[in-house]
Amino acid sequence: MKSASNTYGKELEQLLEAQEVAELGSFEWNLLTDDVRLSPQLDKILNLKSGTKFPGFLQHVYPSDRARVKEAIDNAINDSGQYDCEFRYNTNASEKVLWSKGRVIYEQGKATVIRGTIMNVTDRHHMIHRLQRSQELYKQAQAATHIGNWSWELVTDKISWSDELYRIFGLEPQSETMSLERFRNFLHREDKEGSKERLSNLVQSKGRQEYINRIILDNQETKIVQVKREVLSDEDGKPYKVIGTCQDITEKQLLLEKLERSEHFIKHIADASPTILYLFDALEGKIVYINNEITNILGWLPEEILNMGSRVIAEVYHPDDFRKIGERLRQYKNEQRPRALFHFECRMREKSGGWRWMLMRETIYSTGSDQKITEILGAALD
């Protein structure tokens with residue numbers, strides 16, 4: 001008997017230690033007398049005064065959760081016999097989130113006792129909340145940058161899209177199950193050619209790809225998307241999944257195309273001008289742009305002038321004018337009028353060796369954060 005008693009005592013001690021580690025306690029609630037017996041660990045969790053009955057416990061339950069707790073108990077007593085509820089609980093020190101499970105004991109068809117457990121799940125609750133918040137922020141970030149992500153399981157052929165990717169393709173989030181064939185139907189007919197071969201090459205090479213596609217939505221709207229994708233392989237080196245992102249770059253791409261057309265237009269205007277036009281880097285002391293008129297007037301090719309770098313002043317300008325050219329920067333810096341035009345005359349060397357007097361008209365094109373002149377835009381008239 002003594003051995004059995006010792007064994008029982010040891011098992012009880014181990015049980016109480018396990019409850020403490022798990023922040024879990026047990027209770028027995030006498031429905032007839034309203035008396036409640038708590039295990040030592042549950043007594044720590046609830047922090048109730050000795051002799052507190054069920055109504056006293058209920059007073060510590062968060063007000064908006066009390067009705068749910070009472071409903072769960074009533075359903076257990078009158079119907080299922082099983083009790084399961086999560087609720088917020090106030091102690092003198094802090095607010096906790098508790099999870100309780102129990103079962104009803106009946107005697108002669110009448111509910112007499114509820115035995116159960118209560119676990120402190122505050123940390124788990126906060127962790128889940130943080131994860132949900134992180135997921136929410138991730139979705140917001142995707143929406144703000146118009147980036148969606150996707151994955152393709154090679155064994156099951158299952159394709160998963162994020163909510164934002166559905167939106168990019170003009171669909172309601174998770175409104176349909178996606179397939180490779182459905183995706184290819186979105187591709188512009190010119191971009192569809194070779195798409196299967198490109199994907200096959202990706203899987204075989206176990207590498208990465210980045211490219212731009214045009215897609216046609218169901219409403220016939222055209223979008224431009226940038227795709228990045230890579231293959232994941234298992235420990236044996238066998239590919240099992242392809243993951244990637246897809247970003248809607250329609251506005252950016254159209255803006256770049258418009259900018260390129262503008263630059264092309266401006267270059268044509270500059271090349272058609274009967275005046276030498278140039279952009280001078282004041283920090284490096286070199287010309288970074290010059291139009292084709294330099295060839296017509298002085299015989300130099302534009303690329304020859306650009307390749308001179310910081311030697312351009314010594315190579316092209318007359319030595320007697322070096323001082324005048326150097327002093328102009330100080331004059332420009334003291335000028336207070338925005339976009340003021342400056343004039344000076346100097347001699348420039350022809351490629352054949354002769355000299356020409358040129359009228360130089362310049363203006364400050366850009367300055368640094370310290371207001372130091374960085375670029376000068378100029379025109380040279382013969």
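Predicted model: local features only at pLDDT ≥ 70, side-chain atom pairs only at ≥ 80, totals over all residues.
View 1. Is Asp65 buried or exposed? Asp65 counts as buried, because its relative accessibility is 3%, while Arg68 counts as partly exposed at 39%.

**View 2. Glu315 meets Arg311.** Here's another salt bridge between side chains, with 3.7 Å from N to O. Glu315 has 29% relative accessibility and counts as partly exposed. Arg311 also gets the label partly exposed, at 45%.

**View 3. Asp382 and Arg356 link up.** The closest N and O atoms of this salt bridge are 2.4 Å apart. Asp382 lies in the segment after S15 and Arg356 in strand S14, so the pair ties together parts that are 26 residues apart in sequence. Asp382 is exposed, with a relative accessible area of 57%, whereas Arg356 counts as partly exposed at 27%.

View 4. Strand S13 (residues 342-349) runs antiparallel to strand S14 (residues 355-367), and eight bridges join them. Which residue in S14 is the bridge partner of Phe344? That's Met360. Five residues lie between S13 and S14 in their hairpin, and Gly353 in the turn has a positive phi of about 115 degrees. S14 also pairs with strand S15 (residues 373-381), again in the antiparallel sense and over eight bridges. Across that pairing, Thr363 stands opposite Leu377 in S15. The hairpin of S14 and S15 has five residues between the strands, with Gln371 taking a positive phi near 70 degrees.

**View 5. A nonpolar patch on the surface.** Phe265, Ile266 and Ile269 make up this patch, and together they have about 320 Å² of accessible area. Ile266 belongs to helix H10 (residues 250-272) and counts as exposed, at 53% relative accessibility.

View 6. The protein chain has a mean pLDDT of 84, and 88% of its residues reach 70 or more. Among its elements, helix H12 (residues 302-307) has the highest mean pLDDT (93) and helix H1 (residues 2-21) the lowest (53). Over residues 1-5 the pLDDT is below 50, and this stretch has zero contacts in the model beyond near neighbours in sequence.

Key. Residues numbered from 1 in each chain as written. Heavy atoms only, no water. Patch = residues over 30% accessible without salt bridge, like charges linked within 9 Å, V, L, I, M, F, W, Y side chains within 5 Å. Areas by Shrake-Rupley, 256 points an atom, 1.4 Å probe, with all protein chains shown as cover. Salt bridge = Lys/Arg side-chain N within 4 Å of Asp/Glu carboxyl O. Helix = DSSP H or I, 4+ residues; strand = E, 2+ residues; numbered from the N terminus. Buried < 20%, exposed > 50% of the residue type's maximum accessible area, 1.4 Å probe, protein only. Pairing = 2+ DSSP bridges. pLDDT = per-residue confidence, 0-100. Contact = heavy atoms within 4.5 Å.
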